[in-house]
Amino acid sequence: MQSPFQLLLDLFDEPKPTPKAPPPPQVPTCELESSPGEPFDRVLTPQAFRHPDANRETRIGEVLVAYEFRRARRKNIGFSVGPEGLVVSAPRWVPLGEIDQAIRNKARWIVNKLEAARERQARLEAARIEWKDGATFPYLGEPVIVVLDPRHDFREVGAVLNTDGQALPGVARTTLHVGLPQHAEPAQIRDAVQAWLMRQAKALFTQRLDHYAPQLRVQWRKLTLSSAGTLWGTAHSDGSIRLNWRLVHFRLAVIDYVVAHELSHLRLRGHSPPLLGHERPG
């Protein structure tokens, strides 16, 4: 199963080589049911890749790929993945059915390349962030402004989130007050923000696991935060769950998608621990 994310906001690590891994098993959608009288409070959003000039689309597993299709003077079907998405070129005499089959045959390669292209683009955007007073980072899908506040040391919590600010439409109104002086080094600010995000992630992931485990009729036993470069989460047969702390960058619906996915693995049979997890783009 592929990642549901439309944008990776990884602001803290350098790119790492991604090891090849076999595709994880599909999770039956019927497993994701709410308890009687209690509907899910989020929408599961499958991953999608859309070329701006797309004129055809296909679904690879749960991944929607809208691509640009071109007829060209060539001897075979060609695939090209760039920052904008997938382009498929084919000779005029090749029927559409044969083209669809070729896409299915290269499905894994296509999705891997699209994910890698998306992550490279996101990393370029992330590289522009200067960790200083006024820097902006994503938290639960919303922008948060860093405020260096030397008046407070926040010894117990490191930083305090303030959602009472006023701002113009479209401008971030949430601030994170960090107990650092104005002359703090960028690495200090980055590390302080990351530490705060990881604390929030641990608390929020625990809450969401407790919310969905009864609905899926499973029991989880241990939560570990991960910094893995290739996985958003994994589930082990002993009930332990590993979730990538960077999920806290995304809105709650995305976090719930991964949490429910990993809990669903606990109901699958015939897998040796650890069970395959939810792959992160890369």
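A: A definition to start: a charge sits over a ring if NZ of Lys or CZ of Arg is within 6 Å of the ring centre and within 35 degrees of the ring normal. Lys-106 meets that, lying over the face of Trp-109 at 4.6 Å from the ring centre.

Q: And what sort of model is this?
A: It is a predicted model: local features need pLDDT of at least 70, side-chain atom pairs count only at pLDDT 80 or more, and totals for chains, interfaces and linings use all residues. Residues are numbered from 1 along each chain as its sequence is written, and side-chain values use heavy atoms, with hydrogens and water left out.

Q: How many aromatic pairs are there?
A: Two. Rings of Phe, Tyr and Trp (its six-membered ring) pair if their centres lie within 6.5 Å; planes under 30 degrees apart count as stacked, over 60 as edge-to-face and the rest as tilted. One of the pairs is Trp-232 with Phe-250, edge-to-face, 5.8 Å centre to centre and 85° between the planes.

Q: Where do Trp-232 and Phe-250 sit in the chain?
A: Trp-232 is in strand β11 (residues 231-235), and Phe-250 is in the loop between β12 (240-244) and α4. They are 18 residues apart, and the pair links distant parts of the chain. Helices (H or I, at least four residues) and strands (E, at least two) are DSSP runs, numbered from the N terminus.

Q: Is Trp-232 buried or exposed?
A: Buried, with a relative accessible area of 0%. Phe-250 counts as buried too, at 7% relative accessibility. Buried means under 20% relative accessible area, exposed over 50%, partly exposed in between (1.4 Å probe, protein chains only).

Q: Why is α4 largely enclosed by the rest of the structure?
A: Because 13 of its 14 residues are buried.

Q: New topic. Which strands make up the open sheet?
A: Four, in the order β6-β7-β9-β8, with mixed pairing. The edge strands are β6 (136-139) and β8 (159-162), and each pairs on one side only. Two strands pair if DSSP finds at least two bridges between them.

Q: In what sense do β7 and β9 pair?
A: Parallel: β7 (residues 142-148) and β9 (residues 174-178) share five bridges. Val-144 stands opposite Thr-174 in β9.

Q: What about β4 and β5?
A: Strand β4 (residues 78-82) and strand β5 (residues 85-90) pair antiparallel over five bridges. They form a hairpin with two residues between them. Gly-82 has Gly-85 in β5 as its bridge partner.
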